[in-house]
Amino acid sequence: MNIDKKTQKYDRQLRLWQVSGQEALENSRVCLINGTATGCEILKDLVLPGIGSFTVVDGKEVDGADAGISFFLDGDRIGTNRALAVTELLQELNEDVRGDYLAEDPISLIENRIDYFLQFTIVIAVGVPEKPLLKLSEALWDSKIPLFIVRTTGFVGYFRVTLPEHTVVETHPESIVDLRLDIPFPALEQYVKTFDFDSMDNMDHGHIPYVVILLKYLDQWKKDHDGKLPSTSAEKKQFKQLIESGRRNTDEENFNEALANAWRVFTPTKVTSQVQEIFNDSACESITANSSNFWIITRAIRDFVTNEGQGLLPLAGTVPDMKADTSTYVTLQTIYRQKAKTDIATVRSHVDKILSSIGRTSDFIHDDEIVSFCKHAAFIQVIRYRSLKEEYISDPKKSDIDRWLQDPQDNIVHYILIRAIDKFYETHNRYPDAATFFFEGDTEEVNEEAKSEFELLKTYVNILLSDLQITNPPDHLDDYIHEICRAGGSELPNMASLLGGLVSQEVIKIVTRQYIPINNTSIFDGIKSTSSTYIL
Amino acid sequence: MAATRMQTDVPTPQDSPDFSKKDWPGRWSHINKILDRRGPFCDKSFSPGHGEDILLNQCRVLVIGAGGLGCEILKNLALSGFKDIEVIDMDTIDVSNLNRQFLFRPSDVGSPKAKVAAEFIMKRVASVKDKDDDYYLGFHLIICGLDSVEARRWINATLVNIAQDDPEKIRVLIDGGTEGFKGQARVIIPTVTSCYECSLDMLNKQTAFPICTIANTPRLPEHCIEWASVIQWPKEREDEKMDTDDPTHIQWLYEIALKRAMEFNITGVTYSLTQGVVKNIIPAFASTNAIISAACCNEAFKIVTTSQPYLNNYMMYMGNEGLYTYTFEHQKKDDCPVCGNQNAFLEVDKDITVQDFIELLKEKPDIQLKKPSLTTDTNEKIYWQSPPLFEQRTRPNLEKRLSELVKDGYNIIVTDTTLPISLNITVSYI
């Protein structure tokens with residue numbers, strides 16, 4: 001059989017990120033700081049699809065509570081090192097993944113041997129306090145290693161990505177349709193001319209591809225309108241009527257398709273502002289020997305646009321399915337593909353020029369990469385993350401947070417609480433943990449200790465709010481203070497697993513450089529079952 | 001199809017799990033923080049300190065499906081303290097399950113999933129469609145992690161039907177589904193909230209290729225593959241049943257499709273695409289399954305313990321561009337064929353034939369039947385798909401105009417293999 005075991009095993013996911021994505025995954029080395037239930041769930045969802053290796057760093061001894069909520073621990077492991085215990089069981093999930101562990105306290109490791117973390121492709125820090133986290137994030141930032149910061153408490157999950165820059169070519173848009181109907185290229189115009197609608201029998205007429213129908217009538221329209229395209233809504237309507245007039249009977253599906261796609265004629269093909277912004281980026285402007293392939297090819301495409309492309313991106317070269325007979329469709333497909341090939345060759349020559357200007361040979365960038373780039377040129381993405389230092393110290397998003405916080409439905413309130421319990425932890429070396437919310441009938445259960453826990457946490461919330469210059473905290477904040485005291489730093493298995501799924505998915509996107517990852521913070525509220533993403 | 005009762009404990013990843021394992025100190029301490037304390041959002045009826053008892057002793061859960069979602073669901077329920085769980089699945093394990101179904105090892109390939117997933121204490125051969133009402137009434141909660149629309153429709157209609165006249169018989173259905181980076185989790189309270197059938201038109205319709213395109217004007221690699229499986233297989237391997245799990249069969253289809261594609265200068269026929277088209281493969285990976293299963297189990301936990309409000313009633317999840325959820329109340333449809341209190345109303349051409357009407361019932365996005373049989377509300381057979389005797393007897397009606405058999409504004413009773421109940425459809429001619 002021509003299908004190997006691995007292709008079979010990974011079949012369902014290869015359909016999402018192909019062999020190139022799988023290879024990137026298999027070359028990744030993932031570090032997990034703290035083998036908590038959430039941490040293990042993240043690793044589970046990375047080990048199953050086949051990362052290269054993982055290392056768990058954890059100095060904690062497994063206790064009964066740990067073993068109760070983690071699928072990768074059991075009662076027998078109580079008293080053993082948590083990194084060792086979970087690594088053994090995680091390793092079992094996939095024989096193609098190498099599992100390793102370091103039974104050391106991650107905080108002292110960050111303080112004393114920060115370089116240890118620079119060997120990994122990606123680092124996931126679960127439940128690390130603010131100070132060591134800042135140090136870790138700076139070191140990884142400088143080495144351009146992505147860091148995922150993860151927290152779960154009660155019904156709330158939080159994670160944050162830091163990384164100086166992430167670029168994506170294969171963003172997997174819903175469809176890549178680039179037909180150039182408003183400005184057909186010569187080969188396409190030439191092909192349309194070979195059709196004489198009037199002389200066709202009904203069978204052939206019912207199989208003219210809609211691209212040809214639209215271009216034929218557009219040609220006629222332009223002749224009658226000084227070469228201009230239909231632009232006002234009255235003109236667009238008239239143009240559609242013109243197409244309708246060519247229809248021989250109501251059953252002609254190709255004419256239905258032409259009418260449904262007429263908007264493509266009215267929508268000018270151009271470089272979108274998003275892509276233009278990437279072209280204007282300083283990284284695109286000044287290519288150096290340190291520039292990544294992404295920026296070199298982007299620059300080559302920009303050069304193509306300003307020269308041979310006459311203001312347009314290289315053609316994607318894909319033709320959607322449409323009513324047509326086989327040979328017409330295949331010919332049309334070939335015309336688009338041929339033009340795309342020519343464009344790719346031109347971009348290739350720009351790439352070579354740029355490479356030689358920085359003292360590199362052409363084989364530094366493979367043809368495949370250029371082909372894929374040209375196909376996705378309209379959808380490329382650049383994400384510049386904000387650093388944790390910016391978020392916490394040098395440039396917090398004060399006014400955004402203030403604005404979001406006023407909306408009682410907004411999940412930003414969880415961010416405030418998570419930051420506040422971190423501050424609480426820093427002083428008390430524990431998380432707030434008490435029943436603080438009562439009904440009137442519950443009075444006999446109310447005790448002073450519980451009440452004071454609420455007030456204590458509230459002082460930390462207020463410190464944070466004043467740091468953020470938020471002067472009018474909303475009333476609903478109190479409810480969330482009660483709720484987080486109730487949660488008492490607990491990890492719920494469902495929330496651990498949910499966060500495991502969310503974080504692993506984003507790790508996969510970053511590692512494979514496919515699909516668009518979040519920027520930069522995501523919060524899931526398991527009470528309301530809602531999520532939000534923030535740039536913090 | 002096997003139904004397996006998990007008597008008690010967490011299925012652990014080791015080869016021979018020990019089900020008799022006792023609790024250890026602190027085991028439930030995380031969960032108990034929530035269950036022992038009142039919170040500002042929890043239900044008025046929530047009574048601190050009793051959650052464990054509810055989870056451990058009072059709640060029976062049925063999990064349908066032991067695939068990518070099912071494995072996650074079982075693990076989460078067990079870790080959340082649910083003790084009495086029964087699993088039904090209809091599949092055996094394939095190698096391609098191993099990238100996301102962690103309760104299975106390479107050595108399990110070929111075994112029925114439910115058996116391995118619950119480590120098999122009591123084996124019974126059963127099918128979703130074989131279960132009677134009492135079987136479902138034996139559970140407090142039913143969680144579906146299936147990739148089959150048909151099985152979901154069946155269970156949904158069954159549960160709505162059971163609950164129809166007696167609110168005591170309402171059994172909550174939690175349903176999860178994924179496709180690639182997308183998914184949804186929802187809570188269905190039969191007869192109270194919208195049901196699975198109410199939202200049938202939200203499903204992506206499967207692309208069906210017209211047979212004339214496949215036979216005469218292929219353009220896509222998919223057309224060539226369909227040609228191999230729909231036209232060439234019955235022609236060349238008449239006596240053999242096509243088994244889409246048999247790699248030699250896929251290989252044969254692939255080669256035939258490739259030959260046809262080359263003949264027509266069509267590119268893109270691959271083994272993987274052939275397999276994808278003939279098996280109707282839905283891409284999947286571990287993360288989305290984990291997200292949706294956890295969302296479902298979180299709702300189950302909240303509903304059973306009343307420790308937080310539960311989802312009302314739909315969460316849509318999209319992860320391909322950033323991370324996005326849309327949580328909303330899907331509205332119950334008054335004319336839902338399963339839970340609505342109004343008849344479904346269909347306007348049709350006055351000249352429509354019975355045959356075309358049947359085609360309409362198959363294609364209409366909010367009805368989507370497979371093999372509908374039609375009866376008038378005065379109990380006259382219009383067309384019955386089975387048994388053969390009735391099929392033969394009613395076949396001549398297919399050519400007739402529907403209006404000859406059913407008067408304007410009258411009802412047609414429709415039964416179908418897809419649903420355990422019959423639908424009432426009022427027709428109006430235009």
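This is a predicted model: local features need pLDDT of at least 70, side-chain atom pairs count only at pLDDT 80 or more; totals for chains, interfaces and linings use all residues.
Chain A holds 24 helices and 10 strands, while the secondary structure of chain B comes to 14 helices and 14 strands. The contact that joins the chains draws on 76 residues from chain A and 67 residues from chain B.

**Chain A as a whole**

- The C-alpha trace of chain A spans about 90 × 55 × 50 Å along its principal axes, and buried residues account for 45% of its 536 residues.

**Chain B as a whole**

- Of the 430 residues that make up chain B, 46% count as buried.
- For chain B, contacts between residues at least 6 apart in sequence include 67% that join residues at least 24 apart.

**Contact between the chains**

- With 76 residues from chain A and 67 residues from chain B taking part, the side of chain A that touches chain B receives two or more residues from each of helix H1 (5-9), helix H2 (11-26), helix H3 (37-47), helix H4 (64-69), helix H17 (326-357), helix H23 (477-487), helix H24 (493-512) and strand S10 (530-534) of chain A.
- H24(A) supplies the largest share of that side of chain A, with 11 residues.
- By class, the residues on the side of chain A that touches chain B comprise 32 nonpolar, 25 polar and 19 charged.

**Helix packing**

- In chain A, helix H10 (residues 210-224) and helix H12 (residues 253-260) pack at an angle of about 65 degrees, their axes lying 8 Å apart, and H10(A) passes H12(A) in a right-handed crossing.
- Tyr210(A), Ile213(A) and Leu214(A) on the H10(A) side meet Asn254(A), Phe255(A), Glu257(A) and Ala258(A) on the H12(A) side, which gives a contact of 5 nonpolar, 1 polar and 1 charged residues.
- In chain B, helix H8 (residues 221-236) and helix H10 (residues 271-279) pack at an angle of about 65 degrees, with 10 Å between their axes, and the crossing of H8(B) past H10(B) is right-handed.
- The H8(B) residues Pro221(B), Glu222(B), Ile225(B), Glu226(B) and Ser229(B) meet Leu273(B), Thr274(B), Val277(B) and Val278(B) of H10(B), and the classes represented in this contact are 5 nonpolar, 2 polar and 2 charged.

**Buried positions in chain A**

- Phe72(A) lies in the loop between H4 and helix H5 (82-91) of chain A, and Phe72(A) counts as buried because 27 C-beta neighbours lie inside 10 Å, where the cut-off for a buried residue is 20 or more.
- Leaving aside neighbours within four places in sequence, Phe72(A) is in contact with Cys40(A), Val86(A), Leu89(A) and Leu90(A).
- Phe72(A) and Thr87(A), which are 15 residues apart in sequence, have C-alpha atoms 8.3 Å apart in space.
- Helix H18 (residues 367-376) of chain A contains the buried residues Ile370(A), Phe373(A), Cys374(A) and Lys375(A), and the elements that cover the buried residues of H18(A) include helix H16 (293-306) and H17 of chain A.

**Annotated positions in chain B**

- UniProt, in an unreviewed entry, lists Cys212(B) under "active site", and this residue is found in helix H7 (residues 211-215) of chain B.
- Cys212(B) counts as exposed because it has 8 C-beta neighbours inside 10 Å, where the cut-off for an exposed residue is 12 or fewer.
- The feature "domain: E2 binding" is placed by UniProt, again in an unreviewed entry, at residues 346-430 of chain B.
- Over residues 346-430 of chain B, the chain is 25% helix and 26% strand, and the C-alpha atoms at its two ends are 10 Å apart.

Note on methods: Residues are numbered from 1 along each chain as its sequence is written. Chains are lettered from A and ligands numbered from 1 in the order in which they are written. UniProt positions are given in the numbering used here, feature names are shortened, and annotations may be inferred rather than shown by experiment. Helices (H or I, at least four residues) and strands (E, at least two) are DSSP runs, numbered from the N terminus. Two residues are in contact if their C-beta atoms, placed from the backbone, lie within 7 Å. Ala, Val, Leu, Ile, Met, Phe, Trp, Tyr, Cys and Pro count as nonpolar, Asp, Glu, Lys and Arg as charged, and the others, Gly among them, as polar. Axes are lines fitted to C-alpha atoms, for helices over the stretch in contact, and angles run from 0 to 180 degrees between N-to-C directions. A crossing is left-handed if the near helix is turned anticlockwise from the far one by less than a right angle, and right-handed if clockwise.
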